[in-house]
Amino acid sequence: MKLSKAVIAIGLVVALIATMCACSKKSNSNSTTASTSTSAAEIETALNLANNENQEWTYDSNADAWILSIVTAVTNPEIEDRQGVSVCVPGAYIKGIDTDGDGSADVTAENASDAVKGSLVIDYDAKVTSTNGQVYTASTCPVILNTGAAGYGSSTNTTAATTYAKEGYINVACGNRGKQDTATDSDGNEYYTGDAPLCLVDQKNATRFVKYNILLGNLPGSVDYFVSTGGSGGGAHATMFAATSNNSDFYDYEIEAGAVGVYKNDDGSYSTSVTIDGKEYEISDGAWGCVAYSAITSLYEADMAMAFEYFLDADYDFGSEFKAKLAELLAEEYKNYINEQNLTVDESKVNLDINSDGDTKDTIKLTIEYDKEKYPETNGYGGTYLDFYLAEFISNLQWYIDSLDYSENWTWFDADGNALSDSEVASMTTADKAQAFLEGRYTKGSSANSDMQGGPGGNGAPPSGEAPSGNPPSDNGGTPPDMSGNATVNENSSGDSMEVGTPDAGSTQSSSGSTDSANYSNFDEMLEAYQKDIAEIQQGDKYGNNIVNLYNPLNYIGNEDTDNPTWTRILMGASEGDMSMFSSLNLQIAWLNAGVDSVIEWQWDGGHVPSEILGDSLALYVDTMYGKYVDGAVEITKAEATKQTENGDSSEASGTDITSWVNYKDGKVSFSLADAASYRTAGASKAVPGFDVIDYGQEDYVFGSSTADARHWDEHLLKVLEENKDTLSELFNK
């Protein structure tokens with residue numbers, strides 16, 4: 001449900017905007033911090049929900065949950081429709097709504113009808129037991145922050161979904177500014193806004209708002225257990241939110257918007273505390289955990305990582321000599337880039353025998369080798385980094401076939417194509433199902449959790465502010481989804497329409513056609529555009545920051561100025577074409593080496609923003625991590641599968657026999673790096689590498705202007721273009 005501006009709570013805010021702006025300009029003075037303290041007090045007064053006469057609560061009897069109307073998250077919003085916040089609170093934690101300010105519940109769940117203005121009366125003694133058996137109270141429960149930003153674009157404010165009320169979580173929905181947003185200045189002139197890092201900043205500001213009101217007692221929840229989650233661009237922001245937790249590089253942007261709990265002192269330093277009843281409390285804008293679906297980050301390395309992944313397939317047809325050559329050059333650039341990082345991984349932390357010595361006790365130095373004779377099947381590339389990549393792929397297929405007992409309503413067939421009887425299905429072992437799966441003798445039924453379709457959105461919807469792009473996970477066993485190269489218009493949960501996905505054939509990110517670019521007539525024209533755009537970004541924004549660097553989570557994971565999350569989980573569709581698997585691999589490596597419990601899952605046949613399948617869910621993972629890291633919490637284990645006793649009703653198998661390249665022996669699967677590369681390129685055909693892979697049309701840091709779809713920003717790609725100008729210019733648009 002989307003509310004009109006009339007109900008967005010801005011009453012106290014409007015009166016303070018002029019004061020906030022004036023105070024924010026004093027940061028370079030050498031006076032005392034008294035003026036900053038006054039500014040902080042005014043912000044804290046304005047953003048205290050108890051002072052907001054326009055806050056409304058609606059009771060959902062089906063979900064037993066109270067939902068807050070959209071309220072402003074900051075005191076100086078640039079675009080009010082993009083900088084609001086709403087929360088959904090489990091009914092068990094709420095005695096009712098105080099409508100007259102006396103502290104008692106005047107409206108309760110029993111007599112609630114329409115939306116009612118007032119404040120929550122919280123029951124801190126009540127307990128909720130989640131569907132997995134974890135126990136929470138109003139002061140200990142996790143808070144789920146849904147990060148939008150589809151395609152790095154804006155998300156309109158929406159009311160929070162009731163998805164997690166039954167689990168005992170607080171659910172938060174927030175808007176955010178993004179590329180293609182416009183605003184109007186004081187002279188009535190329209191200007192573009194939403195450049196990085198504003199999507200992320202608005203999510204950080206919403207977090208500060210919610211944490212502040214938890215501390216005040218206006219909202220239930222624990223400030224210590226915030227979990228960021230989203231899909232695609234939202235998955236990127238969920239990841240970046242966790243990776244940049246409370247890093248001061250983002251404070252100036254938060255302060256500009258009038259966020260609570262972050263202020264600039266007169267000596268140029270920052271304060272990140274609020275004052276409540278004379279006592280100071282620190283407020284972080286970061287996360288305890290993260291569940292990201294198809295995280296389209298880090299874009300910094302996306303072009304060369306995707307090109308490298310395609311180039312590993314020696315049989316891949318790039319469509320033009322230019323694209324093929326540029327992919328080859330970018331692959332070499334990626335090799336050099338990775339080898340300069342001095343990466344290592346502890347086998348015990350990923351539970352993988354990367355060096356195949358029979359144990360998981362070693363710390364492996366991760367490098368890429370090039371030897372055309374040694375690795376002919378992968379265009380000359382091999383090494384321990386790729387051994388790790390392959391081990392992850394194999395382990396994810398292994399998990400899939402080991403989890404087939406959780407499949408629901410599948411139809412299983414014998415070798416002659418006949419559907420099995422109910423009794424035959426009931427007697428199938430996990431190994432029997434694994435063999436049938438590998439041979440393609442099945443048609444899938446529903447195995448996804450109903451509240452996780454497309455990611456962790458509300459009531460079966462995609463994540464807040466995000467719609468699934470690309471195609472859903474494949475049902476054909478071994479053949480990945482058919483992802484077109486055409487642009488698609490998606491709607492986010494707010495009903496906003498925007499173009500995401502790749503441009504039409506003939507443009508720079510097309511997956512079909514032999515034209516290298518429909519936008520530039522020659523190589524020199526294209527190169528000049530790259531040089532100009534990247535030079536502009538390197539000059540820095542108004543705070544002197546390179547916005548590309550701000551949006552590279554690898555710059556912040558383990559940084560001494562970052563509060564690392566406790567755990568992270570990134571789920572990618574193994575058949576998706578929106579991002580290279582190497583990007584999630586690199587994030588895991590960085591987090592593990594920073595001491596974070598980090599897991600990546602590459603879902604077999606999963607498309608872009610895959611659903612949770614085979615008994616897994618966001619709630620199961622959050623409850624498990626809570627049991628693992630919170631003293632006194634319940635240790636959670638995955639419930640046993642309900643054995644299928646009735647066969648499905650499909651008339652013929654739709655799976656694909658993949659036994660020609662997947663080996664299965666003694667319950668273990670294996671395949672080669674060349675096989676993995678071929679599988680990836682067959683599914684990841686949405687964007688063709690070799691030119692602007694994620695740099696043009698979909699995910700980006702900036703919108704650019706009314707005539708340019710996006711500014712170029714990839715320094716690695718520019719380096720390759722400049723160093724190989726003579727070779728590439730002869731092939732361009734040939």
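A crossing of two helices counts as right-handed if the near helix is turned clockwise from the far one by less than a right angle. In this predicted model, the crossing of α3 and α4 is of that right-handed kind.

Start with α3 itself. This helix has 19 residues and spans 27 Å from its first C-alpha to its last, close to the 27 Å expected at 1.5 Å a residue. Most of α3 is covered up, with 17 of its 19 residues buried.

Now for the partner. Helix α3 (residues 198-216) packs against helix α4 (residues 233-243) at an angle of about 60 degrees, and their axes lie 10 Å apart. That angle makes α3 oblique to α4. On the α3 side, the contact is made by Cys-199, Leu-200, Gln-203, Lys-204 and Thr-207, which meet His-237, Met-240 and Phe-241 of α4. Sorted by type, the residues of this contact are four nonpolar, three polar and one charged.

Helix α12 (residues 523-538) and helix α17 (residues 715-723) have axes that come within 10 Å and cross at roughly 140 degrees. Here the crossing is left-handed. From α12, the residues Phe-523, Met-526, Leu-527, Tyr-530, Gln-531, Ile-534 and Gln-538 take part, and they meet Glu-715, Leu-717, Leu-718, Leu-721 and Glu-722 in α17.

Notes. Residues are numbered from 1 along each chain as its sequence is written. This is a predicted model: local features need pLDDT of at least 70, side-chain atom pairs count only at pLDDT 80 or more; totals for chains, interfaces and linings use all residues. Side-chain values use heavy atoms; hydrogens and water are left out. Axes are lines fitted to C-alpha atoms, for helices over the stretch in contact, and angles run from 0 to 180 degrees between N-to-C directions. Helices (H or I, at least four residues) and strands (E, at least two) are DSSP runs, numbered from the N terminus. Contact means heavy atoms within 4.5 Å. Angles under 35 degrees count as roughly parallel, over 145 as roughly antiparallel, 65 to 115 as roughly perpendicular and the rest as oblique. Ala, Val, Leu, Ile, Met, Phe, Trp, Tyr, Cys and Pro count as nonpolar, Asp, Glu, Lys and Arg as charged, and the others, Gly among them, as polar. The expected span of a helix is 1.5 Å times one less than its number of residues. Buried means under 20% relative accessible area, exposed over 50%, partly exposed in between (1.4 Å probe, protein chains only).
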